Amino acid sequence: TKVQRGSSKRHLWFEQGRGAAAAGIATDLDVLRRADFLIGSHQSNVYRLACQLNTAHHAGRYPYDMDRHLSVDVEWFEDP
């Protein structure tokens with residue numbers, strides 16, 4: 001069975017803004033990397049990467065067990 005792929009322009013809505021978005025994300029990551037504390041959502045790929053870069057950047061500056069990355073995500077509980 002052959003899968004038919006759509007050639008519609010509606011699937012490429014991000015095509016024109018890709019270059020500008022990448023530069024903006026790189027700038028955000030650089031600023032977040034140097035921040036003393038971070039508050040964000042771990043559902044965001046950018047925030048998760050920023051937390052890792054931030055931890056590496058501040059490896060000798062803060063104690064390892066200090067809680068500097070705070071999440072605004074709501075815990076998910078399954079109803080038994």
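Here is a short tour of this structure, one selection at a time.

Before you click, know that this is a predicted model, where local features need pLDDT of at least 70, side-chain atom pairs count only at pLDDT 80 or more, and totals for chains, interfaces and linings use all residues. Residues are numbered from 1 along each chain as its sequence is written, and side-chain values use heavy atoms, with hydrogens and water left out.

**Stop 1: R68**

Select R68, in the loop between α2 (45–57) and β2 (69–71). Helices (H or I, at least four residues) and strands (E, at least two) are DSSP runs, numbered from the N terminus. Is R68 buried or exposed? R68 is buried, yet it has no salt bridge. Buried means under 20% relative accessible area, exposed over 50%, and partly exposed in between (1.4 Å probe, protein chains only). A salt bridge needs a side-chain nitrogen of Lys or Arg within 4 Å of a carboxyl oxygen of Asp or Glu. The nearest side chain of opposite charge, D36, is 5.8 Å away (Lys and Arg count as positive, Asp and Glu as negative; His and the chain ends are not counted). Now show the backbone of D36: the side chain of R68 reaches its oxygen at 2.7 Å. Leaving aside neighbours within four places in sequence, the contacts of R68 (heavy atoms within 4.5 Å) include F37 and Y62.

**Stop 2: the F37 and Y62 rings**

Keep those two selected. How many aromatic pairs does a search of the whole structure find? It finds one. The ring centres of F37 and Y62 are 6.3 Å apart and their planes are at 55°, so the pair is tilted. Rings of Phe, Tyr and Trp (its six-membered ring) pair if their centres lie within 6.5 Å; planes under 30 degrees apart count as stacked, over 60 as edge-to-face and the rest as tilted. F37 sits in the loop between α1 (18–34) and β1 (38–40) and Y62 in the loop between α2 and β2, so the pair ties together parts 25 residues apart in sequence. F37 is partly exposed at 45% relative accessibility, while Y62 is buried at 18%.

**Stop 3: the core**

Next, select L29, A35, L38, Y47, A50 and C51, the largest nonpolar core. Such a core is a set of buried Ala, Val, Leu, Ile, Met, Phe, Trp, Tyr and Cys residues joined through side-chain atoms within 4.5 Å. Helix α2 gives the most to this core, with three residues.

**Stop 4: R48**

Finish on R48 in helix α2, which is partly exposed at 36% relative accessibility. The C-alpha atoms of R48 and H69 are separated by 9.7 Å.

Definitions and conventions:
Polar contact = N/O pair within 3.5 Å; in protein donor to acceptor, adjacent residues only side chain to side chain.
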